[in-house]
Amino acid sequence: MSSTAVLTVGLLFVAGVTANIEYVYHNYTELTRVLGETALQCPGIMQVYTVGTSVQGRELWVMEISDNLGDHEPGEPEFKYVGNMHGNEVVGREILVYLIQYICQQYQAGDSRIRSLVHETRIHIMPSMNPDGFEYAEAYTPPTGPNETDWSYLAGRYSFFDNGERYDGFNGTDLNRNFPDLNTAVYRYENTSGPNNHLSVPDDFWTGESVSMGPAPETKRVMDWILRYPFVLSANLHGGDLVSSYAYDVSRTYPNNPDVYTKSPDDEVFRELAKTYSLAHGTMAKCGVTQPCDTDDFACQDGITNGADWYSLTGGMQDFNYLASNCFEITLELSCNKFPPEAELAQFWEDNKEALLQYMEKVHSGIKGFVRDTNNNGIADAVISVRGINHDVTTARDGDYWRLLVPGTYRVTASWGGWSQEKTCTAANRAGVCDFVLGAPPTQPPATSAGSSAKPLLVSVVLAVARVASWL
C-alpha cells in the first residue's frame, strides 16, 4: 500500500475509553490499544498513524499531537521523539507512552503550559522503532545454569533484518549503525567548500556496500519520515547509561583515533539542547549524588557528552537527522539497566517528565520566519545561512523556517534562485522573528521541499482499537 494512501474507517464504539496512566510495560498489542484509546480520549488533538511496518509486520506507530491534525501549519515547528530503537532498551518506550497520556490528560484539564505546547507545535511521538526486538526482549528468560551465559544485555537489541532472513534477537541489524554515513562526506566538504546540509544518500548505501546488508525496513521507513516532514528538533531515547549525547557521533579521524571530541558547526546549540534535558532531569546531572553506570561520571559533566568523545559510531540516526534534513537531534540514555523492573517505571517517569517537556519547548528557540517573493508568496527550499556557522537550513513548503541558535545577534542570509537578502536577526529563548523578501515570484513550485502536502499512511485510531480487538 502506498505510503501516501489514506484509510477511511467507520466509527467504532469503545466503552470505557480512558487515558489513565498505568506504569507498566506495554507489549505490541497493548501499545496499539493504549495509543488508540488515548487518541479517542483526545480526538481533537491526537491521531495515530504509521510510517510502515517492521521486518515481522508490526506497525511503527506514531502519535501526532496538534490542534491542526494531518497537515503542516505554516509557521508552526514540528518536533519528534523516537523510542526503543534498540528493542531491549525500554525505558524510553514506556515514558513516551506516559507522555502521550499525560498530554491528553493535562490538555483536557486546561493546563495552560500543555495547551500552549499543543497549539503552537506539531508533535510526533514514535514509542517504538523496533517493536520486533521489544517482543523478543520481553519474552527472553535468562538461563539459570552455572555455565550458561545471560544475554539480557543484547537480547532483542537488533532489528530482525538480515539479508531478508529472520534470525533470533542476538543477530540482525543494529538500527543505530544502519543509517547512511554522511559524516565522511561532510568532513571532506569542510575542506572543499562542498554542501553543509541536506546531503544526498550515497548510492552504495542502498546496495549494502556502505552498511552491512543494506538498510533494514525500519531504517528505510524512518529515513522517509525524517525527510518527508519539516522537523526542527528531535531526540531518540536509549538505555544502558544516563547521559544526554550530542553531535557529532563519529570523529574526523575515525577509525584511527575514534574517541575525540568532534564539534559540529552547531556545537553551542547542541550543548544547550543536551543541557536543557540533563539539568531538568531528576538525576542525570546530580554530581556526587548519581552514581555512574560505568566508568564515565557523566553526572559531574552536567549530564552531557559529545558523542564521538564518548565513543565513535558510524551510521547513527542522530547525525543523519542533522546532515540530511533541517532537524537537530540528540540521543538520550535514560537508565543504567536497559530493561529495569516494572516497579521502577513510575520513578523513571517522574525523573524524565519535566525534562521531556522542557526539551520540546526548545523547538521554539532561536529565530524563525518566512521567506517570500515580492507577491507575498512563500518560497520553498530557500537557504537560510548564519554567518560564522557552516550549516544551513532550508525553508519548508510555505516558505517558513526555524533556525535553532543560542541567544544572541546574528547576520543571517536568505537565498533562492540567484536572489539573496542579508539581515541582522536576534535569537532568543523565545524565537525572534526574522522575515525575508526575495526578488521575483518563483516560475514553478518546488516539488522536493519538506512539509509537502503528501500525507503519510494515516490509520484511524478506531482501526488501531479494532485490530487489538481482533487479536484478543
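Author: Happy to! A helix here is a DSSP run of H or I with at least four residues, a strand is a run of E with at least two, and both are numbered from the N terminus. Keep in mind that this is a predicted model.

Reader: Why is α2 called largely enclosed?

Author: A residue is buried when its relative accessible area is under 20%. In α2, 15 of the 18 residues are buried, so the rest of the structure largely encloses this helix.

Reader: How do you know that C42 and C104 form a disulfide?

Author: The cut-off is two cysteine sulfur atoms within 2.5 Å. From S to S, C42 and C104 are 2.0 Å apart, and a disulfide joins them. C42 sits in the loop between α1 and β1 while C104 is in helix α2, so the pair ties together parts 62 residues apart in sequence. Both cysteines are buried.

Reader: Is that disulfide right-handed or left-handed, and why?

Author: Right-handed, because the torsion about the S-S bond of C42 and C104 is about 90°. Now take C425 and C434: their sulfurs are 1.9 Å apart, and with -55° about the S-S bond that link is left-handed. The structure holds four disulfides.

Reader: What makes C287 count as buried, partly exposed or exposed?

Author: Partly exposed lies between the buried limit of 20% and the exposed limit of 50%. C287 has 46% relative accessibility, so it counts as partly exposed. Its disulfide partner is C300, which at 39% is partly exposed too. T283 falls into that class as well, with 26%. T283 sits in the loop between α8 and β7.

Reader: What about Q318: buried or exposed, and why?

Author: Q318 lies in helix α10. Its relative accessibility is 1%, and buried means under 20%, so Q318 counts as buried. Its side chain also has a partner: a 2.9 Å polar contact joins it to the side chain of T331.

Reader: How do you know that the 2.9 Å pair is a polar contact?

Author: The limit for such a pair of N or O atoms is 3.5 Å, and the side chains of Q318 and T331 come in at 2.9 Å. Beyond four places in sequence, Q318 touches several residues, including N236, S245 and E329.

Reader: Last one: what makes β1 and β7 edge strands?

Author: Count the partners. Eight strands form an open sheet in the order β1-β2-β4-β3-β5-β8-β6-β7, with mixed pairing. β1 and β7 each have a single partner strand, so one side of each has no neighbour in the sheet. From one strand to the next, the twist averages 25°.

Reader: And why are β6 and β8 called paired?

Author: At least two bridges are needed for two strands to pair. β6 and β8 have five, in the antiparallel sense, so they pass the test. Within that pairing, L242 stands opposite L334 in β8. Helix α10 lies across β3, β5, β6 and β8, at about 165° to β8.

Key: Residues are numbered from 1 along each chain as its sequence is written. This is a predicted model: local features need pLDDT of at least 70, side-chain atom pairs count only at pLDDT 80 or more; totals for chains, interfaces and linings use all residues. Side-chain values use heavy atoms; hydrogens and water are left out. Axes are lines fitted to C-alpha atoms, for helices over the stretch in contact, and angles run from 0 to 180 degrees between N-to-C directions. Contact means heavy atoms within 4.5 Å. Buried means under 20% relative accessible area, exposed over 50%, partly exposed in between (1.4 Å probe, protein chains only). A polar contact is a pair of N or O atoms within 3.5 Å; within protein, one must be able to donate a hydrogen and the other to accept it, and residues adjacent in sequence count only if both atoms are side-chain atoms.
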